[in-house]
Amino acid sequence: MPCGIVRAVSRAHVLLLENIHVSAHEELRRNDVAVHTHSGGMQAPQLIEALRALPGEGPRMVGIRSKTRVTAEVFAAVPNLISVGAFCIGTDQIDLTAARQAGVVVFNAPFSNTRSVAELILGEVIMLSRQIFPRSTACHRGEWRKSATGSNEVRGKTIGIVGYGHIGSQLSVLAESLGLRVLYYDLVSKLPLGNARPVDSLEELLRTSDFVTLHVPDTELTRGMIGEGELACMRRGSYLLNASRGQVVDIPALREALVSEHLAGAAIDVYPAEPAKPSAPFLSELRGVESAILTPHIGGSTEEAQENIGREVGSALSSYLLHGSTSGAVNIPNLDAAPLSSGCRIVNVHRNVPGVLSAINRAVAESEVNVTGQSLGTVEDVGLLIVDLALERDELRALDLSRAIAALPTSLRTRIL
Ligand code: NAI
């Protein structure tokens, strides 16, 4: 098989590592992909061997979670590897630049656990408001702290959401259903859901909320976003919740605000430094502060989220395999290619250099085939071109057009669908 052309006529094979949820197997099998599994992670040499050992010449895909490293060596050694699915949020374990430069498309599932995080926050809002954790711990110690003092309903209170994205806006809807008033602050202008109301500044939100909950990404602007000054702006007796990223809150300053009882409580799920493995100790200035609910970065960790991730990434891999659609890809231009109703399609990932399109178009023109659709997306040094042709796949193969395109020095990965 010539380097860089993948025969879509042969059955596609996916290698799913690290106990990926069965929903992914179902999604891929439904699309006639042969599924192979391995329960552990793999390093590059083992992964290369495993991908090469898959039967036939059809496209290969690999699904991983956090333990497997997918490096440049893998992309170079397996020319029919077309995509990698990260069945998780992060993609640090994949060399995204090398993947892009090899024309391999990488997908992940950043939003499959949105609901899980929103539900946890809502539960914690009630737990904080009723001082449930300190009272429960006291019960375990044999103490009976029965008192209404410091216990409040959440109905009619104000929750201030910082970051009105997927999680923030979902939380907004759930919080309103409990009778909370919702304010939000976002860098970008966002349409309010229900009766939620945007505020003009973080300071306004901090000054007017009973609960402040953070749902922003980790950026230069959000690192240290909540420090001593911001905590001082918050109402006396209010609560802070953070299930976004660990660097957003200055933890020693939060400890001080809790110990001095300026804040009545906090719920923290993410930390500036988190243990790399379950056996490593969890170190934090918040340990021992009774009014803080501490959870081990489990905001998005539910069985439902795992199932959603399996389905979402399984479906993205299938959609790229069958239609060339790269919607949601993290390293390649996102083209939402609809399924073909007739004819055939060439999917070509190429080096984005001057003259590349005219070389491809020349090859198409020379074959005298009618083009029915064409989409192009580029990112940095790589482009994705989808060309739909008024010709059946077997006729195209006879013309050798896809082979001519794959043979261009600029072509990285080329498939006929
Ligand atoms: P998203 O990208 O949908 O929303 C983020 C929102 O924050 C956007 O509306 C954006 O405009 C806004 N934003 C960005 N910078 C801002 C700033 N400086 N000030 C105000 N608003 C700003 O993200 P999503 O899915 O809602 O996730 C939010 C956070 O939750 C992320 O940091 C993510 O990593 C984290 N997360 C944590 C989980 C956990 O297990 N604890 C699970 C899932 C997500």
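Because the model is predicted, local features are taken at pLDDT of at least 70 and side-chain atom pairs at pLDDT 80 or more, while totals for chains, interfaces and linings use all residues. Residues are numbered from 1 along each chain as its sequence is written, and side-chain values use heavy atoms, with hydrogens and water left out.

**Overall fold**

- The protein chain has 14 helices and 17 strands; these are DSSP runs numbered from the N terminus, with helices (H or I) of at least four residues and strands (E) of at least two.
- Along its principal axes, the C-alpha trace spans about 80 × 45 × 35 Å.
- Of the 417 residues in the protein chain, 50% are buried; buried means under 20% relative accessible area, exposed means over 50%, and partly exposed lies in between, with a 1.4 Å probe and protein chains only.
- Taking contacts (heavy atoms within 4.5 Å) with a separation of 6 or more, 66% join residues 24 or more positions apart.

**The ligand and its shell**

- How many residues surround the ligand? There are 27, and the closest are His166, Ile167, Asp186, Lys190 and Val216; a residue is counted as near if one of its heavy atoms lies within 4 Å of the molecule.
- The shell divides into 13 nonpolar, 10 polar and four charged residues. Here Ala, Val, Leu, Ile, Met, Phe, Trp, Tyr, Cys and Pro count as nonpolar, Asp, Glu, Lys and Arg as charged, and the others, Gly among them, as polar.
- Polar contacts are pairs of N or O atoms within 3.5 Å; within protein, one must be able to donate a hydrogen and the other to accept it, and residues adjacent in sequence count only if both atoms are side-chain atoms.
- An N or O atom in the side chain of Asp186 is 2.6 Å from an oxygen atom of the ligand, and one in the side chain of Lys190 is 2.7 Å from a ligand oxygen.
- Asp269 places a polar side-chain atom 2.9 Å from a nitrogen atom of the ligand.
- On its own the ligand has 870 Å² of accessible area, and the protein covers 86% of it.

- Helix H1 (residues 22-30) has Ser23, Ala24, His25, Glu27 and Leu28 buried.
- The cover over these buried residues includes strands S2 (13-17), S3 (34-38) and S4 (60-64), together with helix H11 (303-323).
- In the loop between H1 and S3 sits Asp32, which has a positive phi of about 65° although it is not a glycine.
- Most residues other than glycine have a negative phi.
- Asp32 counts as partly exposed because its relative accessibility is 49%.
- Glu261 also has a positive phi, near 65°, and lies in the loop between helix H10 (251-259) and strand S12 (263-268).
- Glu261 counts as exposed because its relative accessibility is 56%.

- Tyr320 belongs to helix H11 and is buried, with a relative accessible area of 2%.
- Leaving out residues up to four places away in sequence, Tyr320 touches Ile82, Ser83, Val105, Phe107, Ser325, Thr326, Val347, Val349 and Arg415.
- Ile48 is part of helix H2 (residues 44-52) and is buried, at 11% relative accessible area.
- Ile48 and Ala76 are 28 residues apart in sequence and 9.6 Å apart in space, C-alpha to C-alpha.
- Asn113 is in the loop between strand S6 (105-107) and helix H5 (114-129), and counts as buried because its relative accessibility is 13%.
- Beyond four places in sequence, Asn113 touches Ile89, Gly300 and Ala305.

**Cysteines**

- A search of the whole structure finds zero disulfides, where a disulfide is a pair of cysteine sulfur atoms within 2.5 Å.
- Is Cys344 buried or exposed? Cys344 is buried, with a relative accessible area of 1%.
- Cys139 is partly exposed, at 44% relative accessibility.

How values were computed. Areas by Shrake-Rupley, 256 points an atom, 1.4 Å probe, with all protein chains shown as cover.
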